Amino acid sequence: MKSSPHIFLTGGTGFFGRALLRGWYAAYEAGASVPVVTILSRSPTNFVNRYPEFSNLSWLKFHVGDICESATFPRGNSFSHILHAAADSTLGPKLSLLQRFNQIVDGTRNVLEYAVACGAKRFLLTSSGGVYGPQPPDMEKIPEDYNGIPDPLNPANAYSVAKRTAEHLCTLYQDAHHIEMVIARCFSFVGPDLPLDVHFAIGNFIRDALHGDSIQVFGDGTPLRTYLDQEDLAHWLMTLLERGQSGEAYNVGSDEVVSIAELAYRVRDLLAPHKSVEIRGQSSAGQGRNRYVPDIRKAREKLGLTVRIPLAEAIQRAGVGCPI
């Protein structure tokens, strides 16, 4: 009988982590087998107080620690799988650019060293679609073999350059220590656990629909995005951790393209049809990411992954589940 994986999870109390925990919890409640999971967290007590459903579970343990302080990692443990999802993009604006870069790169190195020490066989890094740099205007969807990069001479690209560096670190550790490394290049997501008060447009629109006088679009609404529901996100990440090809990167996201303006109106129609949409900004041409659309054929064809929850349903689920 095959034993359940023992997973060491960083970032387990963030958006990605909560998506994974909800997926495992639903499976556990349905009587299915789930992995044994240990979460590294700076404040597990605060997390469990806020989400008491994750307390006192036989398959879930918390350890107080920080990815940037390797001495705080649990010692004497053996893990079969590492899922490194810490240093996601929600905390970034609170850090300086140099702090943001160091957190991602140094934190990844620490987790990789820990993977070697604890005998892990598989390692999944949650990276970002930002590692490709600006999407060329004539490229409908970004494939994994596109080798564009963010401009390393622009300090504003600290997050994306750090993620690209973290990917390379994984490759070096795979070569030196023969750990199976898989990269998840994550794009844009939506779900009940998405923060509504940071820089995610869809989260801001849901907040406005639930609590504002109108839905505010601060740009011109023309950039194009796709959004994958957090339940699908969790399923994709676990599939990559278990079955992704070692040494390969996979785009993680949806292929349902929508402009930011269309998204605002769709959120309005689904959650607050009586409210107006205000598009307040000027043209964003040449600023930021005007197109951020992944090619997900590799994940679909190689691993059988699909977008199971369409955007309209994902928005409704997020609107019902988001905290006030």
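Colleague: Where does R42 sit, and why is it called exposed?

Modeller: R42 lies in the loop between β2 (36–41) and α2; helices (H or I, at least four residues) and strands (E, at least two) are DSSP runs, numbered from the N terminus. Its relative accessible area is 56%, and the label "exposed" asks for over 50%, while "buried" means under 20% and "partly exposed" is in between (1.4 Å probe, protein chains only). R42 is over the exposed cut-off, and therefore it is called exposed. As for distances, R42 and F187 are 145 residues apart in sequence, with 26 Å between their C-alpha atoms.

Colleague: What should I keep in mind about this model?

Modeller: The model is predicted: local features need pLDDT of at least 70 and side-chain atom pairs count only at pLDDT 80 or more, whereas totals for chains, interfaces and linings use all residues. Residues are numbered from 1 along each chain as its sequence is written, and side-chain values use heavy atoms, leaving out hydrogens and water.

Colleague: Why does N56 count as exposed, and what is said of its phi?

Modeller: N56 has 80% relative accessibility, and therefore counts as exposed. Its phi is positive, about 55°, although N56 is not a glycine. You will find N56 in the loop between α2 (44–50) and β3 (60–64). H178 has a positive phi too, of about 60°, and is not a glycine either. H178 is placed in the loop between α4 and β6, and its 69% relative accessibility makes it exposed.

Colleague: How do you know that the span of helix α3 agrees with its number of residues?

Modeller: The expected span of a helix is 1.5 Å times one less than its number of residues. Helix α3 covers residues 97–117, which is 21 residues, so it should span 30 Å; its end C-alpha atoms are 30 Å apart, and the two values agree. After α3 comes G119, with a positive phi near 75°.

Colleague: What makes the chain as compact as a globular protein of its length?

Modeller: The chain has nine helices and 13 strands. Its radius of gyration is 19 Å, close to the 20 Å from the globule rule for 324 residues, so the chain is as compact as a globular protein of that length. The radius is taken over C-alpha atoms, and the rule is 2.2 Å times the number of residues to the power 0.38. Buried residues make up 52% of the 324. Of the contacts between residues at least 6 apart in sequence, 79% join residues at least 24 apart.

Colleague: What makes K298 a charge over the ring of Y250?

Modeller: The rule asks for NZ of Lys or CZ of Arg within 6 Å of the ring centre and within 35 degrees of the ring normal. The charged end of K298 sits over the ring of Y250, 4.8 Å from its centre, and that distance is within the 6 Å cut-off.

How values were computed:
Contact means heavy atoms within 4.5 Å.
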